[in-house]
Protein chains: 2
Amino acid sequence: MISVDAARERILAALSPLGTETVSLAAAWQRVLAAPVTARMDKPGTDVSAMDGYAVRAADCTAAPTQLRVVGSAPAGHPFVGALAPGEAVRLFTGSVLPGGADTVVIQEDTDEGDDAVEIRIVPRTGAHIRPRAGDFAAGAILLAPPRRLTARDVGIAASAGHAWLTVRRRPRVAILATGDEIALPGDPVPAGGVVSSNSFVLDAIVRAAGGDPVTLPVAPDDPAAIGAAVGAARGADLIVTSGGASVGAHDLVRPALEPLGLSLDFWKIAMRPGKPFMFGRVGEAALIGLPGNPVSATVCAILFLVPAIERLLGLPGEAPATIRARAGGALPANDHRADHLRASLARDGEGDLVATPAARQDSSQMAILAAADALILRAPNAPAVAQGEVVDVIVLGGRDI
Amino acid sequence: MISVDAARERILAALSPLGTETVSLAAAWQRVLAAPVTARMDKPGTDVSAMDGYAVRAADCTAAPTQLRVVGSAPAGHPFVGALAPGEAVRLFTGSVLPGGADTVVIQEDTDEGDDAVEIRIVPRTGAHIRPRAGDFAAGAILLAPPRRLTARDVGIAASAGHAWLTVRRRPRVAILATGDEIALPGDPVPAGGVVSSNSFVLDAIVRAAGGDPVTLPVAPDDPAAIGAAVGAARGADLIVTSGGASVGAHDLVRPALEPLGLSLDFWKIAMRPGKPFMFGRVGEAALIGLPGNPVSATVCAILFLVPAIERLLGLPGEAPATIRARAGGALPANDHRADHLRASLARDGEGDLVATPAARQDSSQMAILAAADALILRAPNAPAVAQGEVVDVIVLGGRDI
């Protein structure tokens with residue numbers, strides 16, 4: 001058996017970032033940036049007022065109060081034409097260009113407005129309330145460096161730097177294949193002893209959440225020819241994800257199905273719970289990840305391995321899920337040699353500390369408990385027992401709506 | 001001035017959940033559930049094997065080893081027809097239906113397979129390795145209760161409960177209107193003293209992240225007729241979000257523009273930084289949120305007020321952004337009467353504790369600093385000074401890719 005970290009490293013080592021494409025800024029949110037975004041201009045492009053008030057010459061305001069003649073008003077987008085002469089002021093607003101000759105802004109709360117005149121009631125600090133040219137960023141500055149999944153804020157700064165188009169990684173095309181004679185789609189008749197397919201729906205959502213484009217293939221029966229035909233139909237995919245058919249003995253079914261397609265496949269046992277049987281390899285140009293058929297195991301393995309794999313194809317590092325710390329809501333026994341991922345609820349205790357309480361039942365067949373869980377408590381291989389209240393690491397579920 | 005919490009409460013109180021629609025399960029991810037999802041069948045539908053092994057009668061295995069006759073093999077989806085007689089076993093796999101007459105599963109690791117026979121090497125516990133009928137959920141059980149933003153796991157459990165269609169809230173239609181003579185779109189010529197629009201792009205992404213459908217209107221110049229025409233064109237929207245035109249004096253521009261459209265509008269000053277001037281009200285059927293024009297203020301206000309407003313339209317509670325605790329990476333001075341939201345980076349210290357370090361510059365014009373920030377450190381009104389290393393509450397940025 002190999003460790004969770006070793007499995008992820010082997011998957012990441014086998015994958016490379018995909019090519020790039022140009023997208024409109026309006027379509028760039030959540031895409032992964034593939035080229036630096038540099039500022040095309042200074043922002044602001046000139047000294048501007050940080051407040052509503054008056055542009056003045058500080059040399060005119062060495063005593064208070066001072067009367068100045070108002071020679072104009074310059075709302076944002078309508079710069080004052082000309083320059084301030086001694087004894088003059090110009091009405092400004094937040095973002096207004098500072099007129100020539102002015103070196104200071106006095107906020108309107110420190111003034112009294114008269115007819116064509118203003119009384120300055122303070123002695124301002126020279127340069128007050130001015131946002132200097134390039135104070136946010138200077139032309140040529142690298143504002144966003146790849147790789148980076150673009151947030152709303154990132155899209156905003158790319159806009160403000162003058163970019164209508166961005167270079168991003170192509171979305172990985174991920175083919176999803178559920179296998180099993182017992183599998184029916186929701187609403188379709190369920191065969192005797194059968195179950196309704198859930199893995200392909202969960203995987204479709206996880207692929208989208210990670211930034212991929214899912215293609216859900218029809219459910220394949222437990223028949224080598226049908227599995228081979230389904231995987232063959234996935235040609236053009238960057239990654240093929242199967243669920244089911246990865247357990248003991250099942251590779252007798254999958255291997256002959258895929259060998260004619262140029263199979264190079266490893267079967268692993270990963271020292272983890274839930275989930276253990278796992279396939280990884282390559283079919284022609286596509287990488288292949290074989291998840292367990294059990295829905296809880298498939299979901300946890302997708303979080304631990306499929307999301308990083310898609311991130312790697314997007315040029316991101318493909319890291320392990322982030323963890324935070326919480327207090328154990330109950331005593332946890334010493335762990336065996338398999339990394340465990342206990343389904344848990346999260347709440348705050350009286351001191352405001354986060355508490356992770358494991359569900360009473362941890363059977364890997366219980367999808368309802370996984371759906372209701374807030375977090376997975378991580379139990380390292382051979383971790384010692386933990387008393388209630390001790391600190392544990394948890395993966396918070398629900399991020400990216402997974 | 002009103003507090004951040006009071007402002008959010010007034011917004012939420014003025015909004016009601018929108019109507020519902022039916023969507024395919026394949027389109028349900030991230031939608032907000034509006035009706036309970038109940039189980040249409042037991043899961044599993046019958047007792048099934050939890051492991052690969054053999055179905056036996058415990059009464060046959062009271063001593064070890066025991067030889068049993070293998071009378072069949074029942075892969076998942078292919079139940080054994082008939083019932084076990086004394087001395088008989090049936091080969092099973094994970095998920096296989098337990099044959100009639102059997103009461104126990106012996107895992108294959110505890111057996112030796114022969115020709116049409118199997119040696120059971122242990123004395124099994126009666127009922128071992130069986131997943132009982134309805135052990136995951138029983139027909140009629142409420143699996144998902146509204147309101148709930150559907151995760152990948154939720155979609156999976158709805159599938160496994162037999163649902164091909166779900167009832168969800170209609171997405172709020174959110175019209176986005178940036179105003180200002182100084183505003184240009186990226187790639188378009190920038191007027192003298194102008195800036196490139198970023199708010200409408202940030203808001204478009206935030207609306208999508210929160211679950212709304214954005215409609216970005218053309219930028220309106222600072223002209224009452226143009227603003228009125230733009231807002232009039234937003235009829236049919238559930239919510240209109242403006243940026244700019246909400247500062248001191250600017251309501252002289254907006255109010256006359258909107259009064260002919262059936263305006264009922266409040267102008268607030270919210271005791272917060274960044275952001276202070278704010279509009280809220282109603283134009284005909286649509287609610288209207290007026291954000292500050294400053295991009296940093298607009299983004300922070302959108303996180304604090306627009307996201308909860310959209311959540312409320314979706315039938316969700318519309319809570320304040322979640323906070324976690326971190327240690328202050330530097331000393332923080334006592335706060336004044338305005339709630340502050342310090343842009344900060346997050347890192348782990350040597351003990352693994354999260355540390356939030358405020359950016360050296362907190363000017364609300366600095367979009368580059370906001371884009372690079374990992375978190376906002378919350379400083380309550382009149383909060384006392386904080387020493388480096390003391391615990392502070394932070395809003396982690398980047399959630400939902402905002």
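This is a predicted model: local features need pLDDT of at least 70, side-chain atom pairs count only at pLDDT 80 or more; totals for chains, interfaces and linings use all residues.
User: Where should I start with chain A, and which domains does the assignment give for it?

Analyst: The domain assignment of chain A gives domain 1 (4–18 + 171–313), domain 2 (24–41 + 138–169), domain 3 (48–131) and domain 4 (324–401). As for spacing, the C-alpha centres of domain 2 of chain A and domain 3 of chain A are 36 Å apart.

User: How do I read a sheet, and what is the strand order of the open sheet of six strands in chain A?

Analyst: Strands of a sheet pair through backbone hydrogen bonds, and the pairing is either parallel or antiparallel. In chain A the order is S18-S15-S19-S23-S22-S20, with mixed pairing. At the edges are strand S18 (213–216) and strand S20 (263–269) of chain A, each of which pairs on one side only. Neighbouring strands of this sheet are turned by 20 degrees against each other on average, with direction ignored.

User: In which sense do S20(A) and S22(A) pair, parallel or antiparallel?

Analyst: S20(A) and strand S22 (residues 277–283) of chain A pair in the antiparallel sense, over seven bridges. To find a point along S22(A), look for Gly281(A), which stands opposite Leu265(A).

User: Which helix lies across strands S15, S19, S22 and S23 of chain A?

Analyst: That is H6(A), which runs at about 165 degrees to S23(A).

User: Turning to chain B, why is one side of S18(B) left without a neighbour in the sheet?

Analyst: Chain B has an open sheet of six strands in the order S18-S15-S19-S23-S22-S20, with mixed pairing. Strand S18 (213–216) and strand S20 (263–269) of chain B stand at its edges with a single partner strand each, so one side of each has no neighbour in the sheet. For S18(B), four bridges join this strand to strand S15 (residues 173–178) of chain B, and the two run parallel. One place to look is Ala175(B), whose bridge partner in S18(B) is Val215(B).

User: How many residues of chain A are in contact with chain B, and which element supplies the largest share of that side?

Analyst: 69 residues of chain A are in contact with 69 residues of chain B. The largest share of the side of chain A that touches chain B comes from H2(A), with eight residues. By class, this side of chain A has 33 nonpolar, 24 polar and 12 charged residues.

User: Is H2(A) mostly covered or mostly open?

Analyst: Helix H2 (residues 152–160) of chain A is mostly covered, with nine of its nine residues buried; among them are Ala152(A), Val155(A) and Ser160(A). After H2(A) comes Gly162(A), whose phi is positive, near 95 degrees.

User: Why is Val195(B) called buried, and what is it in contact with?

Analyst: Val195(B), which is found in strand S17 (residues 195–196) of chain B, is buried because 24 other C-beta atoms lie within 10 Å, and the cut-off for buried is 20 or more. Leaving aside its neighbours within four places in sequence, Val195(B) is in contact with Pro44(A), Ser160(A), Glu182(B) and Ile183(B).

Technical notes
Residues are numbered from 1 along each chain as its sequence is written. Chains are lettered from A and ligands numbered from 1 in the order in which they are written. A residue is buried if 20 or more other C-beta atoms lie within 10 Å of its own, exposed if 12 or fewer, and partly exposed in between; C-beta atoms are placed from the backbone. Two residues are in contact if their C-beta atoms, placed from the backbone, lie within 7 Å. Ala, Val, Leu, Ile, Met, Phe, Trp, Tyr, Cys and Pro count as nonpolar, Asp, Glu, Lys and Arg as charged, and the others, Gly among them, as polar. Domain bounds come from an automatic or database domain assignment. Two strands pair if DSSP finds at least two bridges between them. Axes are lines fitted to C-alpha atoms, for helices over the stretch in contact, and angles run from 0 to 180 degrees between N-to-C directions.
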